[in-house]
Amino acid sequence: MLSNLSFSVPQGGFRWLLGPSGAGKSSLLNLLHVESLPARGTLEILDQHITGNSPRATLMRLRQRIGMVHQNYRLMPALSVADNVALPLRLQHRPESEIEDEVYAILKWVGLGERLNVPAANLSGGEQQRTAIARAIVHRPGLILADEPTNALEEPQAHKLLDLFDELSTMGTTVIVATHNEALIRRLPRPSLYLERGHLMREGE
Amino acid sequence: MTLPFSGRKDGLSLSEALPDRSLFILVAMMSFLAALTLTGATGARTLSARWAGGAAQLLTIQVSEPDQPAPQQVGAPTTTQQAPQTRAQAVLAYLANLPEGTHTHQMSKEELAHLLTPWLGESNKTALPLPAVIEVRLPEGAEVPPTLEQTLNTRIPGTVVEHNAEWSSRLRALAASLLACAALALATVGGIATMITALATRTGLATRRDIIEILHGLGASDSYIAGRFAGRTGILALGGGLVGTILAIAPLVLLFRMAAPFAVSSLQSTAATMPDWRTLPSMLPTDLLISLIALPFAAAFIGWATTQTMVRLWLRRLP
């Protein structure tokens, strides 16, 4: 249960979300992804004011502007890698030709250019994580939320992903990454939000 | 560069999630029943309209010994030049006083013989004394004078007035009860179709819960997900409705043949053979034809609307 949380991240800001297991990191990410709504208080995400009574259509439109990397990836097992990554673009009714270009570029970048046609169910853990990351960023969201996005990646891939998040942040995308990986934090020193038992204990460098 | 995309694939794979074959067959059966019910209802409505509009305004008057002189009325002026009226002529003369627009027709001997052919045979010569039969058709809205039979019997004793209104009202009551039964049957069929679609949709939602949650998490709106499900069930119901309606045509032709004696005026026409398939549309009442054409679309609408409602209600449970 989260309570007494108050913080703001400017547009283009990068925040590590830290804390022990069960501190509420995933709950906070779900709240920011508007999968749960605040019982009290308000959220303002990408200039959208959210309360417990916000209309569902508003929440759905907001979700389309957020890229979320879940800890368990949440891929469609029967769909190919390409179809999985294309989903956010299709939900935005982008033209198929544009979708093909975007999907191919992002999958090549995450190193899955040769695995386009493989059903997600047949991918390794690392490949599934890269597919989930590609799906989260393919539509150039205004906010990226990532829950342990590198736990199944090898170090070079994890560093590459971190560099991408940093670059997206520089370009104006707000990024919040929950992690336990201290090596990554040392590699990219950025402000952090430290949670413990649902409370925000520290905020800053 | 072409990616291995498969159209608008979103992972729902509704052809596998929904019990397609069962839904199709059940909707076809429901549509079959609905088509037969509509046919019965149309028949009952048509007969009711005929009885209400035509038969109720019709009187049949029988005048025995029609060629005998009519009795002289007490106090009526007599002239030597005027030939004595026959009994039939006297009745016709009195009927001329009925409301304007009343049509009277005394059946000729040939018409009478033709009418009695089933009982007396083809021969025009019969030893039986036949009465004169006068058909009286009153204009729309006009009522038969309540004292008509009494007055005619006073002037021309033995005249029989048969008013169809009594039979007509009984038959109309029968037709109305048949129509009510048909409406109830149609409502039941519609209710069952709704329940079947709702159950099929629940099955589909249960098997695709994880996929729907992922789509929802990516920002798929309720209308998108409900539209995907409703589109699928709508198409299945349309197909089932079409098949059911087409299959109902054969028994419908049989019913049409059975109802032919009520639909034609000539007794000879009742021996008509089975109608030709190609001429069937022109033989069916227009309202029945429209109802049958609309039936598959009504089935599709029931399927679509039920699924839309079910899915939207179900999605409300999701965050």
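In this predicted model, chain A and chain B meet through 26 residues of chain A and 19 residues of chain B. On the chain A side, three helices each supply at least two of the touching residues: H2 (56-63), H3 (81-91) and H4 (96-109). The largest share comes from H3(A), with seven residues. By type, the side of chain A that touches chain B consists of 14 nonpolar, eight charged and four polar residues. The scores for the model are ipTM 0.85 and pTM 0.70.

Chain B can be taken next. Its secondary structure consists of ten helices and four strands. Read from the N terminus, the order of elements in chain B is α-α-β-α-β-α-β-α-β-α-α-α-α-α. Chain B has 319 residues, of which 29% count as buried. If one takes the contacts in chain B between residues at least 6 apart in sequence, 85% of them join residues at least 24 apart.

The mean pLDDT of the chain is 80, and 78% of its residues reach 70 or more. Over residues 264-272 of chain B, pLDDT stays under 50. For that stretch the model has six contacts beyond four places in sequence.

Some parts of chain B also carry an annotation. An unreviewed UniProt entry places the feature "transmembrane region" at residues 21-41, 174-200, 235-256 and 288-307 of chain B. What does the model show over two of these stretches? Residues 21-41 of chain B are 100% helix and 0% strand, with the end C-alpha atoms 30 Å apart. Residues 288-307 of chain B are likewise 100% helix and 0% strand, and there the end C-alpha atoms are 28 Å apart.

The interior comes next. In soluble globular proteins, nonpolar side chains tend to be buried together. In this model the largest nonpolar core has 90 residues, and those with the most contacts inside it are A:Val85, A:Leu145 and B:Val27. Helix H2 (residues 20-53) of chain B gives the most to this core, namely eleven residues. Which residues does A:Leu145 contact, leaving aside its neighbours within four places in sequence? They are A:Leu29, A:Leu32, A:His33, A:Ile66, A:Met68 and A:Ile176. A second, separate core has 15 residues, among them B:Ile61, B:Ala88, B:Ala132 and B:Leu138.

B:Ile156 sits in the loop between helix H5 (148-155) and strand S4 (160-163) of chain B. Is B:Ile156 buried or exposed? It counts as buried because it has 24 C-beta neighbours inside 10 Å. Not counting residues up to four places away in sequence, B:Ile156 touches B:Val63, B:Ala70, B:Arg87, B:Ala90 and B:Val91. Between B:Ile156 and B:Val243, 87 residues apart along the chain, the C-alpha separation is 63 Å.

In chain A, the loop between helix H6 (155-170) and strand S6 (174-178) holds A:Thr173. Why does A:Thr173 count as buried? A residue needs 20 or more other C-beta atoms within 10 Å of its own, and A:Thr173 has 20 such neighbours. Setting aside residues up to four places away in sequence, A:Thr173 touches A:Gly12, A:Pro141, A:Gly142, A:Ile144 and A:Leu168. A:Thr173 and A:Ile137 are 36 residues apart in sequence, and their C-alpha atoms lie 10 Å apart in space.

Terms used: Residues are numbered from 1 along each chain as its sequence is written. Chains are lettered from A and ligands numbered from 1 in the order in which they are written. pLDDT is the predictor's confidence in each residue, from 0 to 100. Two residues are in contact if their C-beta atoms, placed from the backbone, lie within 7 Å. Ala, Val, Leu, Ile, Met, Phe, Trp, Tyr, Cys and Pro count as nonpolar, Asp, Glu, Lys and Arg as charged, and the others, Gly among them, as polar. UniProt positions are given in the numbering used here, feature names are shortened, and annotations may be inferred rather than shown by experiment. A nonpolar core is a set of buried Ala, Val, Leu, Ile, Met, Phe, Trp, Tyr and Cys residues joined through C-beta atoms within 7 Å. A residue is buried if 20 or more other C-beta atoms lie within 10 Å of its own, exposed if 12 or fewer, and partly exposed in between; C-beta atoms are placed from the backbone.
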